[in-house]
Amino acid sequence: MDDMAQALLKRLVRRIPSHKLQPTLEKWGRMEKAQLESMDFTLSKYSLTETLLSICEESNWNTKHITELELLYIIDNPNVGMWHAYQLADPEDDAHTVELMQFKEQFKSHLTELIQNVSIKIKKHTDEAVWIRLAWGESFSRPNHFRPTYVVHYLQSPYVFMTSLSSKRRPLVYQALVFATRYQSVKDANLSGRKLGAIRDLLMRQYEQVFPSKFPSHITENKENAKNPLIEQEQSELSSNRVQMACEAFGGGKLPELQSAVYRLETKFRGYAKNMAQHKEPFKCVVKFSSTNLLESLRNCASSGIASTPVTPLLSSIPLKGRNYFVITDNGPASSQTLQQQK
């Protein structure tokens, strides 16, 4: 067992929570029953690491086997970084016939032609997702397994999700994906988030989308203290309308947990200040909304009256278009009211 494999195993054991270590090793399937039983998972991480190192030495496991263990853990715990969504475009006639073995062979062969020092590990998950772990090396150096790239692709679909992919390596992965999937190009879907499941569900429309035409009004907390029944009725109707419009904009079920939405504005100044209106260059600014669950927050703001209703299309288009990055420009030189969302 070389130094790389030992260091990788030590780092991986530190990352895996103690209560998940045993299930992960069992799912790995490389340890015999006696080896698993010899481990006391109530001990410290240091003791467990030393025991695992000795077992790996006895079994002659190397970096390949440790990266396999890491891939299994990441598949079950994918919220490890910022995921970015991409969409394959212009499929060829036989794109829908690509199967797993064909995809694996062609992706590996093409990527290794483009760059020699790269480690590729591919595994299909139970939800039909193909997981790819890439470790990159330089011209005269081995692949760096401490900074891998993860790529997730659903066969028979045009969607790809990536994390920890540098701009330098992105064209290489694009070419390998296009070659292996029988598409012509890859484009940015302008959707990102820390939770892979959330951006996947939003882009692939896999979440519960409920758009009710009627929504029950809020229950009055204390009817006895209501001084004016007419005011109470009017407020109840307004509250019900706000909830209905919020649900029509974002849906009534559980929403994907996005953390942010970014709007980049480029527009000409129009107003009474002549010195400002004479500027030829457009004004540019960036507005970013952040929350632990952005869509749920926006829906609550609209239904509670904090945000005005009906909900502006700029916000309601996040779940509708499956994007959280928008560029807004003037639609024309004479119109300041119409905005166009560009890709």
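Two residues are in contact when they have heavy atoms within 4.5 Å. Helices (H or I, at least four residues) and strands (E, at least two) are DSSP runs, numbered from the N terminus. This is a predicted model, where local features need pLDDT of at least 70, side-chain atom pairs count only at pLDDT 80 or more, and totals for chains, interfaces and linings use all residues. Residues are numbered from 1 along each chain as its sequence is written, and side-chain values use heavy atoms, with hydrogens and water left out.

**The whole chain**

Of the 343 residues in the chain, 43% are buried; buried means under 20% relative accessible area, exposed over 50%, and partly exposed in between (1.4 Å probe, protein chains only). Take the contacts between residues at least 6 apart in sequence: 69% of them join residues at least 24 apart.

**Helix α7**

Select residues 170–181. That is α7, with 12 residues, and it reaches 16 Å from first C-alpha to last, close to the 16 Å expected at 1.5 Å a residue (the expected span is 1.5 Å times one less than the number of residues). Which residues of α7 are buried? They are L172, V173, Y174, A176, L177, V178, A180 and T181. Now show what covers them: the cover includes β1, α6 (100–114), β3, β4 (149–154), β5 (159–163) and β6 (183–193). Step just past α7 to R182, which takes a positive phi of about 65°.

Most residues other than glycine have a negative phi, and most peptide bonds are trans. Go to D90 in strand β1 (residues 83–91), where phi is near 55°. D90 is partly exposed, with a relative accessible area of 48%.

Next, select β2 (118–124) and β3 (129–136), with E128 in the loop between them. The two strands pair in the antiparallel sense over 7 bridges; pairing requires that DSSP finds at least two bridges between strands. One to pick out joins K123 to its partner W131 in β3. The hairpin has 4 residues between the strands, and E128 takes a positive phi near 75° there. E128 is partly exposed, at 45% relative accessible area.

For a cis peptide bond, jump to T309 and P310: omega is near 0° between them. P310 sits in the loop between α11 (294–304) and α12 (313–321).

On a 1 Å grid over the protein atoms alone, a cavity is a set of points where a 1.4 Å probe fits but cannot get out; a pocket is an open set with protein on both sides within 12 Å along at least five of seven lines, and lining residues have an atom within 4 Å of a point. Grid points are joined across faces, edges and corners, and a volume is the space filled by probe spheres set on the points.

The largest pocket holds about 250 Å³. Select its lining, including W136, E138, R142, R147, S166 and R169. By class, that lining has 2 nonpolar, 6 polar and 4 charged residues (Ala, Val, Leu, Ile, Met, Phe, Trp, Tyr, Cys and Pro count as nonpolar, Asp, Glu, Lys and Arg as charged, and the others, Gly among them, as polar).

Last stop: how many cavities of 30 Å³ or more turn up in the whole structure? The search finds 1. The largest cavity has about 50 Å³ of space, and A95, V98, H153, L155, Q156, S157, T181 and Y183 line it. That lining divides into 4 nonpolar, 4 polar and no charged residues.
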